[in-house]
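Hi,

Here is the structure I promised to pass on to you. Have a look at it first, and then read my notes below.

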Amino acid sequence: MPSFLTDRSRNTAAFVVLGGAQVTLVAAITLLTVPLPAVQREFGLGQGDLALLTSAYGLTFGGLLLLGGRLADRWGAREVFLAGMALLALASAAGGLAPDHAVLLAARFAQGVGAAMAAPAAVSLVTRLRPDVRQRERALAVWGTLSVTGAVAGSLLSGLVAAVTSWRWSFLLPAAVGVAAVAAGAFLLPSAPRTEVRLDVPGALLATAGLVTFAYGLLEGATAVTVTGLLLTSGFFVLQTRSPRPLLPPRLVAHRRRGAALLVVFVTAAASATTTFLLSLHMQQVRGMSPISTSLAFLPFLLVVVMGPVSGRLLRRFGVRRVLVAGLLLAAVSMLLLGNVAAGGSVLAGLLVFPVASGLAFSGATVAALDDVPAEDAGAAGGLVNTAMEAGPTVGLAVLVALAEARAGHVSAGGAQAVTEGYGFALTAMAPVFLLTAATVAVAFTRTALTRTVLTRTALTQTRER
(Lines give C-alpha, C1' and ligand atoms only; values in the text may rest on other atoms or scores of the structure.)
Protein backbone atom coordinates (compact mmCIF):
# COMPACT_ATOMS: atom_id res chain seq x y z
CA MET A 1 0.00 0.00 0.00
CA PRO A 2 1.40 3.42 -0.94
CA SER A 3 2.98 5.32 1.90
CA PHE A 4 0.71 8.36 1.50
CA LEU A 5 -2.23 6.21 2.56
CA THR A 6 -0.54 4.86 5.68
CA ASP A 7 1.00 8.13 6.87
CA ARG A 8 -2.01 9.92 8.35
CA SER A 9 -0.26 13.23 8.97
CA ARG A 10 1.06 13.34 5.40
CA ASN A 11 -2.41 12.58 4.09
CA THR A 12 -3.95 15.37 6.19
CA ALA A 13 -1.30 17.85 5.11
CA ALA A 14 -1.94 17.00 1.47
CA PHE A 15 -5.66 17.63 1.95
CA VAL A 16 -4.90 21.00 3.56
CA VAL A 17 -2.77 21.96 0.53
CA LEU A 18 -5.58 21.04 -1.86
CA GLY A 19 -8.25 22.72 0.28
CA GLY A 20 -6.24 25.91 0.64
CA ALA A 21 -5.77 25.99 -3.11
CA GLN A 22 -9.50 25.54 -3.76
CA VAL A 23 -10.41 28.38 -1.36
CA THR A 24 -7.87 30.63 -3.06
CA LEU A 25 -9.02 29.80 -6.58
CA VAL A 26 -12.55 30.94 -5.73
CA ALA A 27 -11.40 33.91 -3.62
CA ALA A 28 -9.38 35.21 -6.58
CA ILE A 29 -12.63 35.78 -8.48
CA THR A 30 -13.71 38.60 -6.16
CA LEU A 31 -10.41 39.87 -4.77
CA LEU A 32 -10.34 42.72 -7.27
CA THR A 33 -14.03 43.67 -7.01
CA VAL A 34 -14.02 46.38 -4.33
CA PRO A 35 -10.64 47.95 -5.38
CA LEU A 36 -11.88 48.38 -8.99
CA PRO A 37 -12.44 52.17 -8.64
CA ALA A 38 -8.75 52.56 -7.75
CA VAL A 39 -7.75 50.55 -10.83
CA GLN A 40 -10.05 52.71 -12.94
CA ARG A 41 -8.44 55.91 -11.67
CA GLU A 42 -4.87 54.67 -12.16
CA PHE A 43 -5.31 53.46 -15.74
CA GLY A 44 -8.15 55.76 -16.86
CA LEU A 45 -10.50 52.91 -17.74
CA GLY A 46 -14.09 53.09 -18.95
CA GLN A 47 -16.99 50.99 -17.70
CA GLY A 48 -16.55 48.45 -20.53
CA ASP A 49 -12.88 47.96 -19.66
CA LEU A 50 -13.78 47.47 -16.00
CA ALA A 51 -16.49 44.92 -16.85
CA LEU A 52 -14.07 42.88 -18.95
CA LEU A 53 -11.39 43.10 -16.26
CA THR A 54 -13.89 41.89 -13.67
CA SER A 55 -15.08 38.94 -15.76
CA ALA A 56 -11.74 37.92 -17.38
CA TYR A 57 -10.77 35.49 -14.61
CA GLY A 58 -14.18 33.85 -14.49
CA LEU A 59 -14.44 33.54 -18.28
CA THR A 60 -11.26 31.48 -18.68
CA PHE A 61 -11.77 29.65 -15.38
CA GLY A 62 -15.27 28.50 -16.29
CA GLY A 63 -14.62 28.05 -19.99
CA LEU A 64 -11.59 25.80 -19.61
CA LEU A 65 -12.67 23.63 -16.65
CA LEU A 66 -13.81 20.67 -18.76
CA LEU A 67 -10.55 20.71 -20.67
CA GLY A 68 -8.61 21.05 -17.41
CA GLY A 69 -10.40 18.00 -16.05
CA ARG A 70 -9.52 15.91 -19.07
CA LEU A 71 -5.90 17.10 -18.94
CA ALA A 72 -5.77 15.83 -15.35
CA ASP A 73 -7.03 12.42 -16.48
CA ARG A 74 -4.63 12.33 -19.42
CA TRP A 75 -1.42 13.74 -17.94
CA GLY A 76 -1.91 13.03 -14.25
CA ALA A 77 -3.84 15.01 -11.64
CA ARG A 78 -0.74 15.76 -9.56
CA GLU A 79 1.23 17.18 -12.48
CA VAL A 80 -1.67 19.26 -13.82
CA PHE A 81 -2.47 20.62 -10.35
CA LEU A 82 1.13 21.73 -9.78
CA ALA A 83 1.33 23.29 -13.26
CA GLY A 84 -1.96 25.13 -12.73
CA MET A 85 -0.92 26.54 -9.36
CA ALA A 86 2.46 27.59 -10.77
CA LEU A 87 0.71 29.45 -13.60
CA LEU A 88 -1.66 31.07 -11.08
CA ALA A 89 1.31 32.29 -9.02
CA LEU A 90 3.15 33.71 -12.04
CA ALA A 91 0.04 35.39 -13.43
CA SER A 92 -0.80 36.88 -10.02
CA ALA A 93 2.70 38.31 -9.70
CA ALA A 94 2.36 39.81 -13.18
CA GLY A 95 -1.00 41.33 -12.24
CA GLY A 96 0.36 42.91 -9.08
CA LEU A 97 3.25 44.45 -11.01
CA ALA A 98 1.25 45.34 -14.14
CA PRO A 99 2.46 48.65 -15.68
CA ASP A 100 -0.69 49.13 -17.76
CA HIS A 101 -4.21 47.86 -18.36
CA ALA A 102 -3.23 45.41 -21.13
CA VAL A 103 -0.81 43.51 -18.87
CA LEU A 104 -3.32 43.49 -16.02
CA LEU A 105 -6.06 42.09 -18.29
CA ALA A 106 -3.72 39.41 -19.67
CA ALA A 107 -2.76 38.47 -16.11
CA ARG A 108 -6.41 38.01 -15.13
CA PHE A 109 -7.02 35.77 -18.13
CA ALA A 110 -3.89 33.74 -17.31
CA GLN A 111 -4.98 33.39 -13.67
CA GLY A 112 -8.19 31.80 -14.91
CA VAL A 113 -6.30 29.35 -17.10
CA GLY A 114 -4.21 28.22 -14.12
CA ALA A 115 -7.33 27.88 -11.97
CA ALA A 116 -9.07 25.81 -14.65
CA MET A 117 -6.14 23.38 -14.59
CA ALA A 118 -5.79 23.18 -10.81
CA ALA A 119 -9.44 22.96 -9.65
CA PRO A 120 -10.55 19.68 -11.32
CA ALA A 121 -7.16 18.10 -10.67
CA ALA A 122 -7.54 18.93 -6.97
CA VAL A 123 -10.91 17.15 -6.80
CA SER A 124 -9.40 14.08 -8.45
CA LEU A 125 -6.55 14.08 -5.92
CA VAL A 126 -8.97 14.35 -2.98
CA THR A 127 -10.70 11.15 -4.08
CA ARG A 128 -7.26 9.57 -4.42
CA LEU A 129 -6.28 10.61 -0.90
CA ARG A 130 -9.46 9.09 0.56
CA PRO A 131 -9.93 5.61 -0.98
CA ASP A 132 -12.21 4.48 1.86
CA VAL A 133 -15.85 5.26 1.08
CA ARG A 134 -16.67 6.83 4.46
CA GLN A 135 -13.47 8.85 4.57
CA ARG A 136 -14.04 10.06 1.02
CA GLU A 137 -17.60 11.07 1.84
CA ARG A 138 -16.42 13.13 4.82
CA ALA A 139 -13.68 14.74 2.75
CA LEU A 140 -16.05 15.63 -0.09
CA ALA A 141 -18.58 17.04 2.38
CA VAL A 142 -15.89 19.43 3.63
CA TRP A 143 -14.78 20.11 0.05
CA GLY A 144 -18.29 21.15 -0.92
CA THR A 145 -18.15 24.13 1.47
CA LEU A 146 -14.73 25.40 0.41
CA SER A 147 -15.99 27.36 -2.59
CA VAL A 148 -18.39 29.39 -0.44
CA THR A 149 -15.58 29.91 2.06
CA GLY A 150 -13.39 31.20 -0.75
CA ALA A 151 -16.10 33.55 -2.01
CA VAL A 152 -16.60 35.02 1.48
CA ALA A 153 -12.85 35.30 2.07
CA GLY A 154 -12.42 37.05 -1.28
CA SER A 155 -15.13 39.58 -0.49
CA LEU A 156 -13.73 40.31 2.99
CA LEU A 157 -10.16 40.70 1.76
CA SER A 158 -11.34 42.78 -1.18
CA GLY A 159 -12.93 45.33 1.17
CA LEU A 160 -9.88 45.33 3.43
CA VAL A 161 -7.49 45.96 0.54
CA ALA A 162 -9.66 48.79 -0.78
CA ALA A 163 -9.73 50.41 2.65
CA VAL A 164 -6.09 50.27 3.72
CA THR A 165 -3.70 49.74 0.82
CA SER A 166 -3.09 49.61 -2.94
CA TRP A 167 -5.21 47.40 -5.20
CA ARG A 168 -1.97 45.64 -6.25
CA TRP A 169 -1.94 43.76 -2.95
CA SER A 170 -5.09 41.95 -4.12
CA PHE A 171 -2.77 39.69 -6.09
CA LEU A 172 -0.62 38.78 -3.07
CA LEU A 173 -2.83 35.97 -1.74
CA PRO A 174 -3.10 33.91 -4.97
CA ALA A 175 0.61 34.45 -5.69
CA ALA A 176 1.67 33.31 -2.21
CA VAL A 177 -0.71 30.34 -2.09
CA GLY A 178 0.34 29.29 -5.57
CA VAL A 179 4.01 29.19 -4.58
CA ALA A 180 3.24 27.38 -1.31
CA ALA A 181 1.00 24.83 -3.05
CA VAL A 182 3.68 23.98 -5.61
CA ALA A 183 6.42 23.71 -2.99
CA ALA A 184 4.39 21.59 -0.57
CA GLY A 185 2.44 19.66 -3.20
CA ALA A 186 5.60 18.41 -4.90
CA PHE A 187 6.38 16.42 -1.73
CA LEU A 188 2.95 15.66 -0.30
CA LEU A 189 0.61 14.93 -3.19
CA PRO A 190 0.23 11.37 -4.47
CA SER A 191 0.67 10.36 -8.06
CA ALA A 192 -2.54 9.55 -9.91
CA PRO A 193 -3.21 7.14 -12.78
CA ARG A 194 -3.14 8.48 -16.32
CA THR A 195 -5.39 7.49 -19.20
CA GLU A 196 -4.14 6.63 -22.66
CA VAL A 197 -7.15 8.16 -24.40
CA ARG A 198 -6.27 11.04 -26.71
CA LEU A 199 -7.73 14.43 -25.99
CA ASP A 200 -10.86 15.50 -27.85
CA VAL A 201 -9.37 18.68 -29.33
CA PRO A 202 -12.44 19.73 -31.39
CA GLY A 203 -14.64 19.16 -28.34
CA ALA A 204 -12.28 21.18 -26.15
CA LEU A 205 -12.30 24.13 -28.55
CA LEU A 206 -16.08 24.01 -28.96
CA ALA A 207 -16.74 23.72 -25.21
CA THR A 208 -14.42 26.59 -24.38
CA ALA A 209 -15.80 28.81 -27.13
CA GLY A 210 -19.40 28.02 -26.15
CA LEU A 211 -19.00 28.57 -22.40
CA VAL A 212 -16.92 31.73 -22.76
CA THR A 213 -19.22 33.22 -25.40
CA PHE A 214 -22.35 32.40 -23.41
CA ALA A 215 -20.94 33.82 -20.17
CA TYR A 216 -19.64 36.96 -21.85
CA GLY A 217 -22.99 37.52 -23.59
CA LEU A 218 -24.85 37.28 -20.29
CA LEU A 219 -22.43 39.57 -18.48
CA GLU A 220 -22.59 42.19 -21.23
CA GLY A 221 -26.33 41.84 -21.89
CA ALA A 222 -25.64 41.01 -25.56
CA THR A 223 -28.48 38.74 -26.72
CA ALA A 224 -26.86 37.76 -30.02
CA VAL A 225 -23.64 36.75 -28.28
CA THR A 226 -25.57 34.76 -25.66
CA VAL A 227 -27.52 32.88 -28.35
CA THR A 228 -24.27 32.16 -30.19
CA GLY A 229 -22.84 30.72 -27.00
CA LEU A 230 -25.90 28.51 -26.54
CA LEU A 231 -25.59 27.23 -30.11
CA LEU A 232 -21.89 26.46 -29.67
CA THR A 233 -22.55 24.70 -26.36
CA SER A 234 -25.38 22.67 -27.92
CA GLY A 235 -23.03 21.71 -30.73
CA PHE A 236 -20.52 20.56 -28.16
CA PHE A 237 -23.02 18.21 -26.51
CA VAL A 238 -24.04 16.80 -29.90
CA LEU A 239 -20.38 16.21 -30.76
CA GLN A 240 -19.79 14.41 -27.45
CA THR A 241 -22.46 11.82 -28.24
CA ARG A 242 -20.67 10.96 -31.50
CA SER A 243 -17.03 11.24 -30.45
CA PRO A 244 -15.09 8.02 -29.73
CA ARG A 245 -13.01 9.95 -27.15
CA PRO A 246 -15.36 12.58 -25.67
CA LEU A 247 -14.08 15.40 -23.54
CA LEU A 248 -17.20 14.98 -21.38
CA PRO A 249 -18.47 11.37 -21.41
CA PRO A 250 -22.29 11.54 -21.77
CA ARG A 251 -22.64 8.92 -19.02
CA LEU A 252 -21.41 11.47 -16.47
CA VAL A 253 -24.25 13.88 -17.26
CA ALA A 254 -26.97 11.29 -17.97
CA HIS A 255 -26.71 9.81 -14.46
CA ARG A 256 -29.93 10.91 -12.67
CA ARG A 257 -28.44 11.51 -9.23
CA ARG A 258 -25.43 13.31 -10.64
CA GLY A 259 -27.62 15.52 -12.81
CA ALA A 260 -29.73 16.52 -9.79
CA ALA A 261 -26.59 17.16 -7.74
CA LEU A 262 -25.15 19.42 -10.45
CA LEU A 263 -28.42 21.35 -10.51
CA VAL A 264 -28.09 21.91 -6.75
CA VAL A 265 -24.53 23.21 -7.18
CA PHE A 266 -25.62 25.51 -10.01
CA VAL A 267 -28.63 26.99 -8.18
CA THR A 268 -26.89 27.39 -4.81
CA ALA A 269 -23.84 29.02 -6.39
CA ALA A 270 -26.13 31.40 -8.29
CA ALA A 271 -27.93 32.38 -5.09
CA SER A 272 -24.69 32.84 -3.16
CA ALA A 273 -23.12 35.16 -5.73
CA THR A 274 -26.30 37.13 -6.34
CA THR A 275 -26.98 37.59 -2.62
CA THR A 276 -23.50 38.99 -2.05
CA PHE A 277 -23.71 41.26 -5.10
CA LEU A 278 -27.17 42.71 -4.47
CA LEU A 279 -26.78 43.15 -0.72
CA SER A 280 -23.37 44.77 -1.20
CA LEU A 281 -24.92 47.33 -3.53
CA HIS A 282 -27.87 47.88 -1.17
CA MET A 283 -25.63 48.44 1.84
CA GLN A 284 -23.46 50.97 0.02
CA GLN A 285 -25.99 52.69 -2.25
CA VAL A 286 -28.99 52.84 0.06
CA ARG A 287 -27.59 52.54 3.58
CA GLY A 288 -24.39 54.47 2.88
CA MET A 289 -22.07 51.87 4.42
CA SER A 290 -18.34 51.95 3.66
CA PRO A 291 -16.65 49.16 1.65
CA ILE A 292 -14.99 47.67 4.75
CA SER A 293 -18.25 47.80 6.74
CA THR A 294 -20.04 46.11 3.86
CA SER A 295 -17.47 43.34 3.76
CA LEU A 296 -17.73 42.82 7.52
CA ALA A 297 -21.51 42.56 7.25
CA PHE A 298 -21.01 39.24 5.46
CA LEU A 299 -19.02 37.70 8.33
CA PRO A 300 -21.98 35.42 9.21
CA PHE A 301 -21.32 33.66 5.90
CA LEU A 302 -18.19 32.20 7.52
CA LEU A 303 -20.55 29.82 9.34
CA VAL A 304 -20.22 27.70 6.22
CA VAL A 305 -16.70 26.78 7.37
CA VAL A 306 -18.09 24.61 10.18
CA MET A 307 -20.77 23.10 7.94
CA GLY A 308 -18.35 20.76 6.17
CA PRO A 309 -17.69 18.47 9.16
CA VAL A 310 -21.29 18.84 10.36
CA SER A 311 -22.64 17.91 6.92
CA GLY A 312 -20.37 14.86 6.83
CA ARG A 313 -21.93 13.52 10.02
CA LEU A 314 -25.45 14.31 8.83
CA LEU A 315 -24.82 12.59 5.51
CA ARG A 316 -23.76 9.38 7.26
CA ARG A 317 -26.77 9.46 9.57
CA PHE A 318 -29.59 10.62 7.27
CA GLY A 319 -28.31 10.06 3.73
CA VAL A 320 -27.67 12.42 0.83
CA ARG A 321 -31.31 12.83 -0.20
CA ARG A 322 -32.55 14.10 3.17
CA VAL A 323 -29.57 16.39 3.70
CA LEU A 324 -29.94 17.92 0.24
CA VAL A 325 -33.67 18.49 0.58
CA ALA A 326 -33.22 20.00 4.06
CA GLY A 327 -30.50 22.33 2.80
CA LEU A 328 -32.59 23.47 -0.17
CA LEU A 329 -35.68 24.11 1.98
CA LEU A 330 -33.58 26.17 4.40
CA ALA A 331 -32.15 28.07 1.44
CA ALA A 332 -35.68 28.95 0.31
CA VAL A 333 -36.42 30.28 3.80
CA SER A 334 -33.22 32.34 3.78
CA MET A 335 -34.14 33.91 0.43
CA LEU A 336 -37.51 35.00 1.83
CA LEU A 337 -35.73 36.56 4.81
CA LEU A 338 -33.12 38.30 2.66
CA GLY A 339 -35.79 39.48 0.25
CA ASN A 340 -37.09 41.75 3.01
CA VAL A 341 -34.04 43.99 2.58
CA ALA A 342 -35.74 46.96 4.22
CA ALA A 343 -35.75 45.16 7.60
CA GLY A 344 -32.30 44.84 9.16
CA GLY A 345 -33.34 42.01 11.47
CA SER A 346 -34.70 39.95 8.60
CA VAL A 347 -31.50 40.40 6.59
CA LEU A 348 -29.35 39.38 9.56
CA ALA A 349 -31.47 36.26 10.06
CA GLY A 350 -31.10 35.45 6.37
CA LEU A 351 -27.34 35.94 6.52
CA LEU A 352 -27.23 33.42 9.38
CA VAL A 353 -29.54 30.84 7.77
CA PHE A 354 -28.09 30.88 4.25
CA PRO A 355 -24.56 29.63 5.09
CA VAL A 356 -26.08 26.70 6.99
CA ALA A 357 -28.36 25.93 4.05
CA SER A 358 -25.67 26.31 1.40
CA GLY A 359 -23.24 24.23 3.45
CA LEU A 360 -25.71 21.34 3.52
CA ALA A 361 -26.54 21.77 -0.16
CA PHE A 362 -22.97 22.04 -1.45
CA SER A 363 -21.72 19.16 0.72
CA GLY A 364 -24.48 16.76 -0.22
CA ALA A 365 -24.32 17.70 -3.90
CA THR A 366 -20.53 17.27 -4.08
CA VAL A 367 -20.75 13.80 -2.54
CA ALA A 368 -23.57 12.78 -4.91
CA ALA A 369 -21.93 14.25 -8.02
CA LEU A 370 -18.66 12.36 -7.47
CA ASP A 371 -20.21 9.09 -6.30
CA ASP A 372 -19.38 5.99 -8.39
CA VAL A 373 -17.20 7.93 -10.84
CA PRO A 374 -14.64 5.66 -12.61
CA ALA A 375 -11.01 6.49 -11.87
CA GLU A 376 -10.37 7.41 -15.50
CA ASP A 377 -13.13 10.05 -15.35
CA ALA A 378 -12.27 11.58 -11.96
CA GLY A 379 -10.77 14.73 -13.49
CA ALA A 380 -13.67 15.18 -15.91
CA ALA A 381 -16.19 14.80 -13.07
CA GLY A 382 -14.28 17.36 -11.00
CA GLY A 383 -14.31 19.72 -13.95
CA LEU A 384 -18.05 19.21 -14.33
CA VAL A 385 -18.75 20.08 -10.69
CA ASN A 386 -16.57 23.18 -10.91
CA THR A 387 -18.23 24.20 -14.18
CA ALA A 388 -21.64 24.12 -12.48
CA MET A 389 -20.13 26.15 -9.64
CA GLU A 390 -18.80 28.80 -12.05
CA ALA A 391 -21.79 28.88 -14.41
CA GLY A 392 -24.29 29.43 -11.59
CA PRO A 393 -23.11 32.92 -10.58
CA THR A 394 -22.85 34.08 -14.20
CA VAL A 395 -26.39 33.04 -15.11
CA GLY A 396 -27.80 33.99 -11.70
CA LEU A 397 -26.38 37.50 -11.76
CA ALA A 398 -27.56 38.14 -15.30
CA VAL A 399 -31.12 36.94 -14.66
CA LEU A 400 -31.67 38.31 -11.15
CA VAL A 401 -30.10 41.71 -11.81
CA ALA A 402 -32.44 42.02 -14.81
CA LEU A 403 -35.38 41.12 -12.54
CA ALA A 404 -34.28 43.70 -9.97
CA GLU A 405 -34.02 46.43 -12.60
CA ALA A 406 -37.39 45.54 -14.11
CA ARG A 407 -39.10 45.61 -10.70
CA ALA A 408 -37.43 48.91 -9.74
CA GLY A 409 -38.66 50.45 -12.99
CA HIS A 410 -42.27 49.78 -11.99
CA VAL A 411 -41.97 51.52 -8.59
CA SER A 412 -43.45 54.99 -8.99
CA ALA A 413 -41.65 56.42 -5.95
CA GLY A 414 -38.26 55.88 -7.58
CA GLY A 415 -34.96 56.47 -5.80
CA ALA A 416 -33.87 54.33 -2.85
CA GLN A 417 -37.31 52.78 -2.44
CA ALA A 418 -37.32 51.53 -6.03
CA VAL A 419 -33.81 50.09 -5.69
CA THR A 420 -34.70 48.38 -2.42
CA GLU A 421 -37.87 46.82 -3.82
CA GLY A 422 -36.01 45.67 -6.91
CA TYR A 423 -33.31 43.91 -4.91
CA GLY A 424 -35.88 42.39 -2.57
CA PHE A 425 -37.96 41.08 -5.46
CA ALA A 426 -34.93 39.44 -7.11
CA LEU A 427 -33.83 37.72 -3.89
CA THR A 428 -37.36 36.55 -3.10
CA ALA A 429 -37.61 35.07 -6.60
CA MET A 430 -34.90 32.56 -5.63
CA ALA A 431 -37.18 30.96 -3.01
CA PRO A 432 -39.42 29.09 -5.49
CA VAL A 433 -36.32 28.10 -7.47
CA PHE A 434 -34.93 26.38 -4.39
CA LEU A 435 -38.30 24.68 -3.76
CA LEU A 436 -38.39 23.33 -7.32
CA THR A 437 -34.81 22.12 -6.98
CA ALA A 438 -35.70 20.35 -3.72
CA ALA A 439 -38.59 18.61 -5.49
CA THR A 440 -36.27 17.57 -8.33
CA VAL A 441 -33.79 16.08 -5.86
CA ALA A 442 -36.52 14.24 -3.97
CA VAL A 443 -37.83 12.66 -7.18
CA ALA A 444 -34.41 11.84 -8.67
CA PHE A 445 -33.07 10.19 -5.53
CA THR A 446 -36.34 8.40 -4.74
CA ARG A 447 -36.46 6.80 -8.17
CA THR A 448 -32.91 5.61 -7.77
CA ALA A 449 -33.69 4.17 -4.37
CA LEU A 450 -36.81 2.41 -5.72
CA THR A 451 -34.83 0.98 -8.61
CA ARG A 452 -32.22 -0.44 -6.24
CA THR A 453 -34.96 -1.89 -4.03
CA VAL A 454 -36.59 -3.65 -7.00
CA LEU A 455 -33.25 -5.05 -8.15
CA THR A 456 -32.45 -6.29 -4.66
CA ARG A 457 -35.82 -7.98 -4.29
CA THR A 458 -35.47 -9.58 -7.73
CA ALA A 459 -32.04 -10.93 -6.82
CA LEU A 460 -33.33 -12.35 -3.53
CA THR A 461 -36.28 -14.00 -5.29
CA GLN A 462 -33.99 -15.60 -7.87
CA THR A 463 -31.68 -16.84 -5.12
CA ARG A 464 -34.56 -18.44 -3.21
CA GLU A 465 -35.89 -20.13 -6.35
CA ARG A 466 -32.50 -21.68 -6.94
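To begin with a term: a cavity is a set of points, on a 1 Å grid over the protein atoms alone, where a 1.4 Å probe fits but cannot get out, and its lining residues have an atom within 4 Å of a point. Grid points are joined across faces, edges and corners, and a volume is the space filled by probe spheres set on the points.

Please keep in mind that this is a predicted model, in which local features need pLDDT of at least 70, side-chain atom pairs count only at pLDDT 80 or more, and totals for chains, interfaces and linings use all residues. Residues are numbered from 1 along each chain as its sequence is written, and side-chain values use heavy atoms, without hydrogens and water.

The structure has 2 cavities of 30 Å³ or more. The volume of the largest cavity is about 80 Å³. Its lining includes Gln-22, Trp-143, Asn-386 and Met-389. Two helices, α8 (133-164) and α18 (378-409), each give at least two residues to that lining; helices here are DSSP runs (H or I, at least four residues), numbered from the N terminus.

The second largest cavity holds about 40 Å³ of space. Among the residues that line this second cavity are Ala-28, Arg-108 and Phe-171.

Now for helix α5 (residues 65-75): 8 of its 11 residues are buried, meaning under 20% relative accessible area with a 1.4 Å probe, protein chains only. Leu-65, Arg-70 and Asp-73 are among the buried ones. After α5 comes Gly-76, with a positive phi near 105°.

Enjoy exploring!

Definitions and conventions: Buried means under 20% relative accessible area, exposed over 50%, partly exposed in between (1.4 Å probe, protein chains only). On a 1 Å grid over the protein atoms alone, a cavity is a set of points where a 1.4 Å probe fits but cannot get out, and a pocket is an open set with protein on both sides within 12 Å along at least five of seven lines; lining residues have an atom within 4 Å of a point.
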